[in-house]
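Please consult the sequence and the structure while reading.

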Amino acid sequence: ILAQAPRGWPRGAHAAHRSSILALAGGLLAWAMDPGGVHLLVGLVVGAAAVLLGSPVPISASGVATVALVLVVAGPMVWTALQQTTQFLASLSTSKKHGKIDGYNDQYDEGKSAEDRNEDYARLVDSYYDLATEFYEWGWGTSFHFADRRAGETFRQSILRHEYYLAGRLLVSSGAKVLDCGCGIGGPARNIAKFLGASVKAVTINQFQVNRGNAISAREGLRGQVELVQADFMKMPFADSSFDAVYAIESTCHAPDRARVYGEILRVLKPGAVFACYEWCLTDKYDAKSEHHRRIKRDIEVGDGLPDLVHTSVCTQALKDAGFEVLEARDCMQDGHLGSDGEPWYMPLVPSWNPTKWPRFQFNPIMFHVMPLVLKFLELAKLVPEGTAKTQVMLQAGGVGCAQGGQTGAFTPAWLMVGRKPL
């Protein structure tokens, strides 16, 4: 970015050169938190166009052809990236939610215990998703969960395969009435509804997510098949025995009491029906005596809005205590099957110096400190609301905790549990 224009350029060339470099820099910033790196392409195309249009020196015919080819081939992808980035920045610029970050962080002060957070779980989780949802959607997509990437899969394909695998455990047929317990903005609900041919009711405690998710469902023509409802999954507004199946993807970790949330799920399930979930858990490799492991646990809790993170055995026992017949309980992230070019679930969060590896690049030591400064500048310029930088720092900490939890084996985001409600 700080490169100089070559010597011998005509007067004014340096200004044009700086304009093209700024265009590239803008693209790099727009690329932030994008797992596929598509937003970098925006910067490259805009930078190329800036060079073509702003250069005071002649551009060869081959140079023009190269730029034209890039624009033609990358045009649809660039347009999508521009739309997503514009929507993200527009949403941020009008957001009133990021002022909540200080109150959210107060919940994790040294004077606050897990018991305190459990008592105030509803406000904690609601505040967290007020802060995080826009960043999640822009940086990860509409499905807010992890997945290992098998050989030959794209990021998107791995996410879908992970969802379909869980849906297959529900043992339902087309036309079934299914509940998504803790749905985010409904990405998995829409995917699973199409996969199963089912009608999906999806609950989240956060009204912003309800509004956003229902808007996306309407846009995709699924509003009649998928409905998001604002509700606390500890006390859902549904009659007993309402659903043919229930699933939860990395969501019931927000509950203050696992047995109680599983008991509420049992209540709304029909007799003989199945509940399947991916649960965030500490594993047998977690060492409570290790300061490093305790730091990992705290970073995950703070960065992901969790009252407390518990061991796999706690969740499995809670499922039994709630009244389920446990059919399966295992860490499906240990299944293997990655193949020669696959990656474990935590790899997108592992630091990298390669700028084409995003979001990994933002976790390297330089970018880790630069990104909050960039966002702070945008706050001062009134382009994003106050508190955006602190929100990004909080989310970064969660990413670091998850990555280190995966690398050490002390944490899994996919403790698979399948339970049947007795007849």
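The points below are grouped by topic.

The model is predicted, so that local features need pLDDT of at least 70 and side-chain atom pairs count only at pLDDT 80 or more, whereas totals for chains, interfaces and linings use all residues. Residues are numbered from 1 along each chain as its sequence is written, and side-chain values use heavy atoms, with hydrogens and water left out. Helices (H or I, at least four residues) and strands (E, at least two) are DSSP runs numbered from the N terminus.

- The buried residues of H8 are Gly-187, Pro-188, Ala-189, Arg-190, Asn-191, Ile-192, Ala-193 and Leu-196.
- Their cover includes helices H7 and H9 (207-219), together with strands E1 (177-181), E2 (199-204), E3 (226-230) and E4 (243-249).
- After H8 comes Gly-197, with a positive phi near 70°.

**Packing of H7 with H8**

- H7 (residues 155-168) packs against H8 (residues 187-196) at an angle of about 65°, and the two axes are 10 Å apart; axes are lines fitted to C-alpha atoms, for helices over the stretch in contact, and angles run from 0 to 180 degrees between N-to-C directions.
- The crossing of H7 and H8 is right-handed; a crossing has this hand if the near helix is turned clockwise from the far one by less than a right angle, and is left-handed if anticlockwise.
- On the H7 side, Arg-156, Leu-160, Glu-163, Tyr-164 and Ala-167 meet Pro-188, Asn-191, Ile-192, Phe-195 and Leu-196 of H8, where contact means heavy atoms within 4.5 Å.
- By class, this contact has 7 nonpolar, 1 polar and 2 charged residues; Ala, Val, Leu, Ile, Met, Phe, Trp, Tyr, Cys and Pro count as nonpolar, Asp, Glu, Lys and Arg as charged, and the others, Gly among them, as polar.

**Packing of H10 with H12**

- The axes of H10 (residues 258-268) and H12 (residues 312-321) come within 8 Å and cross at roughly 40°.
- H10 and H12 are therefore oblique to each other; angles under 35 degrees count as roughly parallel, over 145 as roughly antiparallel, 65 to 115 as roughly perpendicular and the rest as oblique.
- The H10–H12 crossing is right-handed.
- Arg-258, Ala-259 and Tyr-262 of H10 meet Cys-315, Ala-318 and Leu-319 of H12, a contact with 5 nonpolar, no polar and 1 charged residues.
- Thr-312, placed in H12, is buried at 8% relative accessibility.
- Leaving aside residues up to four places away in sequence, Thr-312 touches Cys-281, Leu-282, Thr-283 and Trp-415.

**Cysteines**

- The count of disulfides is 0, a disulfide being a pair of cysteine sulfur atoms within 2.5 Å.
- The closest cysteine sulfur to that of Cys-402 is in Cys-253, at 9.5 Å, too far for a bond.
- Cys-402 is buried at 2% relative accessibility, and Cys-332 is buried at 6%.

**Positive phi in loops**

- Most residues other than glycine have a negative phi.
- His-337 has a positive phi near 65°; His-337 is found in the loop between E6 (325-331) and H13 (365-380) and is exposed, with a relative accessible area of 60%.
- Lys-382, also not a glycine, has a positive phi of about 65°; Lys-382 lies in the loop between H13 and H14 (388-408) and is exposed at 72% relative accessible area.

Conventions
Buried means under 20% relative accessible area, exposed over 50%, partly exposed in between (1.4 Å probe, protein chains only).
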